[in-house]
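Please keep the sequence and the structure in view while reading.

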Amino acid sequence: MSADRTALLVTHTGRRRSTEHARAVAADLITAGFEVRVMAEEADDLDLPGVVPVTGPEAAEGAEIVFALGGDGTFLRAAELARPAKAPLLGINLGKVGFLAEAEIDDLDVAVRDVVARNYTVDERLTLDVTAEFEGGPTIESWALNEISVEKGERAQMLELLVDVDGRPLSRYGCDGVVCATPTGSTAYAFSGGGPVVWPEVEALLLVPISAHALFSRPLVTAPTSTFVITVDPFTTLAVLACDGRRVYDLPPGARVTVRRGGLPVRIVRLRARPFTDRLVAKFGLPVHGWRGSRR
């Protein structure tokens, strides 16, 4: 008899600690009556009877939930599987910062119990779709949860980019690159480039020039309906298109990259109502007390 409930487990099996926790989660879910799928390349490391190895982009199809056990890299890998299946994604942080994760390792048992009891809510996070076109090559189509960046492909040379917003030219930059980010990604690469932190409930797109040699190189926050077009100057160096740092493509001079709001969100599990401010303070270790202590 097949299980009525199905979960996909994605983990960082290269770490012994992660594998041990993944085994515990899988065992608890199987005991609760779930069919537990794992990626085929991770099945041998997990070495757990009763799991179902799966492969390909349809791995999460029909799953009630996807677990991501690891850091932000594992979460983004799991998002690639959860998004097309429209499956809710729950991140358990086994890494360092783990900004995308909903729960920490100490909350693991409680998180599994809440999933079994269906005691959680689901947020929809805005994503980005990207199309890159250039002469002599196929059109590139991809997406991102955090950010899409166009960066220089050669360390020693500056990249020349023309940026259009909503069909109108904005500025030409001599730079290391440009980051287009979602609110979810505002605390990732865009943050490192000097961009603002945007609360995830805000619907907006971000554009952050990286090390730009320009009088106007401020980060921009635009409407969620905006469209960015980034054109690589025909006489500049090789560029690279990166989507969440995971899907990377070479761009020749003259390439035209179009970024807009994604047609499909990522559905993220929330176990507890928790203000985003508290997450910022916890993840970045912000000094809310100061060296003199709290005055409240």
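## A residue with two partners

Val163 has Ser171 as its bridge partner in β12. In β16, the bridge partner of Val163 is Ile230. These pairings are read from a predicted model.

## Strand β11 and its neighbours

Strand β11 covers residues 159-165, and five bridges join it to strand β16, which covers residues 227-232. The two strands, β11 and β16, run antiparallel. Within this pairing, Asp164 stands opposite Val229 of β16.

Strand β11 is also joined to β12, here by seven bridges, and these two strands likewise run antiparallel. Together, β11 and β12 form a hairpin, with two residues lying between the strands. Asp166 is in the turn of this hairpin and has a positive phi of about 55°.

How much of β11 is buried? Five of the seven residues of β11 are buried, and the strand is therefore described as mostly covered. A residue is counted as buried when its relative accessible area is under 20%.

## The whole sheet

The strands discussed above belong to an open sheet of six strands, in the order β9-β8-β19-β16-β11-β12. The pairing in this sheet is antiparallel. In this order, β11 stands between β16 and β12.

Which strands form the edges of the sheet? The edge strands are β9, with residues 140-144, and β12, with residues 168-175. Each of these edge strands pairs on one side only. From one strand to the next, the twist of the sheet averages 20°.

Technical notes:
Residues are numbered from 1 along each chain as its sequence is written. This is a predicted model: local features need pLDDT of at least 70, side-chain atom pairs count only at pLDDT 80 or more; totals for chains, interfaces and linings use all residues. Side-chain values use heavy atoms; hydrogens and water are left out. Two strands pair if DSSP finds at least two bridges between them. Helices (H or I, at least four residues) and strands (E, at least two) are DSSP runs, numbered from the N terminus. Axes are lines fitted to C-alpha atoms, for helices over the stretch in contact, and angles run from 0 to 180 degrees between N-to-C directions. Buried means under 20% relative accessible area, exposed over 50%, partly exposed in between (1.4 Å probe, protein chains only).
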